[in-house]
Amino acid sequence: MARQLDEQIVGRYPVGQRLRVLDVGMGQGTQALRLARAGHQVTGLEQDATMLAAARQSLSAEPEGIRERMRIIEGDGRDTGVHFLPGSFDVVLCHGVLMYVEEPDPLLAGLARMLAPGGLLSLLVRNGDALAMRPGLAADWAGALDAFDSTAYRNRLGLDVRADRLSTLTATLAGIGAPLQAWYGVRVFTDTAADDTALPADVEALLACEERAGRTDPYRGIAALLHLCGVRG
C-alpha cells in the first residue's frame with residue numbers, strides 16, 4: 001500500500017516538494033515515520049496510549065532532522081477541528097480507522113476540511129463488498145451467508161467492527177468535496193494467512209502478485225481491504 005500512496009503523491013506534487021501530512025490514527029507511526037524520512041512534515045494523531053508510547057519510542061531513535069519533521073499529538077480523529085485550521089495539510093491519511101467508527105461521515109467531512117485545495121485524502125478500509133470471502137474460504141458457510149447482507153464483522157482481535165462499501169464511500173467522498181480519484185485492493189491473496197505465518201522464500205513474487213491484483217479487476221474487488229484516494233476540489 002505504501003507504493004500506491006507514493007504513486008498518488010508523485011502524480012500530484014512536484015518531485016522534492018515537502019508536503020504537510022496528517023496521519024489520523026497513526027498507530028505505532030510506521031507510515032508517518034516513513035514519510036518523515038522522505039522529507040515531509042508529518043503530524044501524527046493517535047488516542048491509544050500504548051500506540052502513542054510505541055510511536056514516541058520509535059521517533060526518539062531517529063536522527064535529529066527527522067525528529068524535527070514529525071510531531072505526535074494525543075487526540076481523536078473526530079476532533080481535528082480542535083487541533084488544526086482548515087486547509088492545513090496537503091495529504092491526510094486515515095488508515096485502519098473507519099472500521100472502529102460507527103458513523104464515519106462526520107469524521108470524513110472533518111478530514112476533508114483539513115485538506116488544502118488539491119490535497120489528497122488516503123483511506124484504508126475493510127471491504128464491505130467482500131466480507132463473505134474469509135468465512136467462505138474457511139468453509140464457514142453460515143458465516144459466509146450472513147456476511148453477504150451485512151457490513152458488520154469480528155476482526156482478528158475479537159472486536160465487533162464494521163466494513164465500508166466502495167459505492168457508499170464513493171458517494172460520501174463526492175459529497176464532502178474530495179471525490180474518489182483512484183482505488184486499490186489490499187490483501188487479495190494473503191488475507192487468510194495466519195498472523196504468525198513465516199514469509200515465503202519467494203516473498204518478492206508474492207508482493208508482486210498482490211500489487212498486480214490490487215490494481216486489476218476483478219481481483220481488487222474481492223480484496224480484504226480497500227485503499228481509496230480522494231482529492232479535494
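This is a predicted model: local features need pLDDT of at least 70, side-chain atom pairs count only at pLDDT 80 or more; totals for chains, interfaces and linings use all residues.
Trainee: In which sense do β4 and β5 pair, parallel or antiparallel?

Mentor: Strand β4, residues 89-95, and strand β5, residues 115-126, pair in the parallel sense, with six bridges between them.

Trainee: What is the order of the strands in the whole sheet?

Mentor: Seven strands form an open sheet, which reads β3-β2-β1-β4-β5-β9-β8, and its pairing is mixed. β3 (70-74) and β8 (180-186) each have a single partner strand and stand at the edges, so one side of each is left without a neighbour in the sheet. If direction is ignored, neighbouring strands of this sheet are turned by 15° against each other on average. Helix α1 packs on the sheet, where it touches β4, β5, β8 and β9 (225-231), and the direction of α1 makes about 160° with that of β8.

Trainee: How many residues of β9 are buried, and which of them point one way or the other?

Mentor: Seven of the seven residues of β9 are buried, which leaves the strand mostly covered. L225, H227, C229 and V231 point one way, while L226, L228 and G230 point the other way, and all are buried. For β8, five of its seven residues are buried, and this strand too is mostly covered.

Trainee: Is R126 buried or exposed, and which residues does R126 touch?

Mentor: R126 counts as buried because its relative accessible area is 5%, whereas the cut-off for buried is under 20%. Leaving aside residues up to four places away in sequence, R126 touches M99, L131, R134, Y153, R162, A163, D164, D191, A224 and L225.

Trainee: A213 brings me to the helices; which residues of α10 are buried, and against what do they pack?

Mentor: An α-helix has 3.6 residues a turn, so residues three or four places apart point the same way. In helix α10, residues 203-213, the buried residues are E210, E211 and A213, and the buried residues of α10 pack against α1 (2-12).

Trainee: Finally, which residues form a nonpolar patch on the surface?

Mentor: The patch is formed by Y100, L157 and L159, which together have about 340 Å² of accessible area. L159 lies in the loop between β6 (152-154) and β7 (160-162). With a relative accessible area of 39%, L159 is partly exposed, a class that lies between the cut-offs of under 20% for buried and over 50% for exposed.

Note on methods:
Residues are numbered from 1 along each chain as its sequence is written. Side-chain values use heavy atoms; hydrogens and water are left out. Buried means under 20% relative accessible area, exposed over 50%, partly exposed in between (1.4 Å probe, protein chains only). Helices (H or I, at least four residues) and strands (E, at least two) are DSSP runs, numbered from the N terminus. Contact means heavy atoms within 4.5 Å. Patches are made of residues with over 30% relative accessible area and no salt bridge: like charges are joined within 9 Å, nonpolar side chains (Val, Leu, Ile, Met, Phe, Trp, Tyr) within 5 Å. Accessible areas come from the Shrake-Rupley method with a 1.4 Å probe; for residues, only the protein chains shown count as cover. A salt bridge is a side-chain nitrogen of Lys or Arg within 4 Å of a carboxyl oxygen of Asp or Glu. Two strands pair if DSSP finds at least two bridges between them. Axes are lines fitted to C-alpha atoms, for helices over the stretch in contact, and angles run from 0 to 180 degrees between N-to-C directions.
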